[in-house]
Amino acid sequence: MLKAEIEELRLYLSRIRPIYHQLFNLAHAITGNCDQAEYCLQYAMLDGWAAGDAGASRHGFRESVRASAVRAAMRIALSGEAAEFDWDGLRSDMMTAARRGAVS
């Protein structure tokens with residue numbers, strides 16, 4: 001890998017970092033399984049990198065990666081692929097903390 005490519009990859013990953021948890025949680029809620037959610041996130045990251053989205057505006061970048069993660073999660077959820085359901089849903093303690101601003 002050339003030095004410029006490494007720097008571009010570093011920039012791309014730094015743009016993913018702030019939204020990583022949101023993307024994972026979204027995919028986990030859709031698929032119901034953390035391993036499948038991780039796969040969806042990896043797929044979305046690779047899809048965004050291959051599409052060359054690294055230079056997109058902040059909003060456009062986030063929406064593009066989010067849409068890719070949702071597509072991957074929906075594809076898995078609708079496939080009927082058997083996996084242990086480990087998502088604990090929207091717990092009331094988390095909802096209360098979110099209302100108070102303690103959870104982002």
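Biologist: Which residues in H3 meet which in H4?
Modeller: From H3, Gln36, Tyr39, Cys40, Tyr43, Ala44 and Asp47. From H4, Val65, Ser68, Ala69, Arg71, Ala72, Ala73, Arg75 and Ile76. Contact means heavy atoms within 4.5 Å. This is a predicted model, where local features need pLDDT of at least 70, side-chain atom pairs count only at pLDDT 80 or more, and totals for chains, interfaces and linings use all residues. Residues are numbered from 1 along each chain as its sequence is written, and side-chain values use heavy atoms, with hydrogens and water left out.

Biologist: At what angle do the axes of H3 and H4 cross?
Modeller: Roughly 135°, and the axes come within 8 Å. So H3 is oblique to H4. Angles run from 0 to 180 degrees between N-to-C directions, on lines fitted to C-alpha atoms, for helices over the stretch in contact. Under 35 degrees is roughly parallel, over 145 roughly antiparallel, 65 to 115 roughly perpendicular, and the rest oblique.

Biologist: New topic. How many helices and strands in the protein?
Modeller: Five helices and zero strands. Both are DSSP runs numbered from the N terminus: helices are H or I with at least four residues, strands E with at least two.

Biologist: How much of the protein is buried?
Modeller: 28% of its 104 residues. Buried means under 20% relative accessible area, with a 1.4 Å probe and protein chains only.

Biologist: What does Leu23 touch?
Modeller: Leu41, Val65, Arg66 and Ala69, not counting residues up to four places away in sequence.

Notes. Buried means under 20% relative accessible area, exposed over 50%, partly exposed in between (1.4 Å probe, protein chains only).
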